[in-house]
Amino acid sequence: IDKKYIYRMLGNRAYIGEAVHKGDSYPGEHDAIIDREMWDRVHAILQESPRKRAARTRADTPALLKGLLFGPDGAAFSPTHTRKGGRLYRYYVSQTVLKHGAGACPVGRVPAGAIEAAVIDQLRAVFRQPEIIAGTWKAARTHAADITEADARAALQQLDPLWDELFPAEQARIVALLVDRVDIGTDGLNVGLRVDGLSSLAREMLAGGIGEAA
């Protein structure tokens, strides 16, 4: 069951006792199994921007960089959050700060949304780099000799436009597959990649496995 299937299911007017013919709906001969109030509530939610809905879902999803983010002193960062006025604010906090207090690390706390977006932007840029495509192809050939460099290029490039359609849990799985670690300092961040992860991802894309999760 993928996202497209769920959208079709949520739009099936048979559930509210109607029949559809050539785009028009009519009262059906069967009983409704979902009341109209519930239907209207669901479709009011669906009218909202997919990006806003995804952001709310992501807030309830395990942190994208959990176990991957490290500070300038080598200490890991842990996900945490606070609530103010009904809003959720997510952060990553250095273990050094948690153990020794504020000021113990030059980068003690970072907003989760900002650091996750920066990592995703770097990954999406990576998918378009010729040297990354060539390296992915060479690694993938050890598992599937018939994969061409053009195949690897097409696989990685089609993930870029598909990314926003993936469920947050699938995005987290891909990040864990591709990223070895993320080092953050006062002058920026560095994303270490897993070459074997890139080749695994390319094989999944060619097999259609990633698209099913969108």
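## Helix packing, sheet and core

In this predicted model, I133, A134, T136 and W137 of α6 are in contact (heavy atoms within 4.5 Å) with E149, A152, R153, L156 and Q157 of α7. The residues of this contact comprise five nonpolar, two polar and two charged ones; Ala, Val, Leu, Ile, Met, Phe, Trp, Tyr, Cys and Pro count as nonpolar, Asp, Glu, Lys and Arg as charged, and the others, Gly among them, as polar.

Two packed helices are described by the angle between their axes and the distance between the axes. The axes of α6 and α7 come within 9 Å and cross at roughly 120 degrees. Axes are lines fitted to C-alpha atoms, for helices over the stretch in contact, with angles from 0 to 180 degrees between N-to-C directions.

An open sheet has three strands in the order β3-β7-β8, with mixed pairing; strands pair if DSSP finds at least two bridges between them. β3 and β7 are parallel, over two bridges, and F70 stands opposite D183 in β7.

| Element | Residues |
|---|---|
| α6 | 130–141 |
| α7 | 149–162 |
| β7 | 179–185 |

The largest nonpolar core has 41 residues, and L69, Y92 and V175 have the most contacts inside it. Such a core is a set of buried Ala, Val, Leu, Ile, Met, Phe, Trp, Tyr and Cys residues joined through side-chain atoms within 4.5 Å; buried means under 20% relative accessible area (1.4 Å probe, protein chains only). α5 gives the most to this core, six residues.

Residues are numbered from 1 along each chain as its sequence is written. Local features need pLDDT of at least 70 and side-chain atom pairs count only at pLDDT 80 or more, while totals for chains, interfaces and linings use all residues, and side-chain values use heavy atoms, leaving out hydrogens and water.

Notes
Helix = DSSP H or I, 4+ residues; strand = E, 2+ residues; numbered from the N terminus. Buried < 20%, exposed > 50% of the residue type's maximum accessible area, 1.4 Å probe, protein only.
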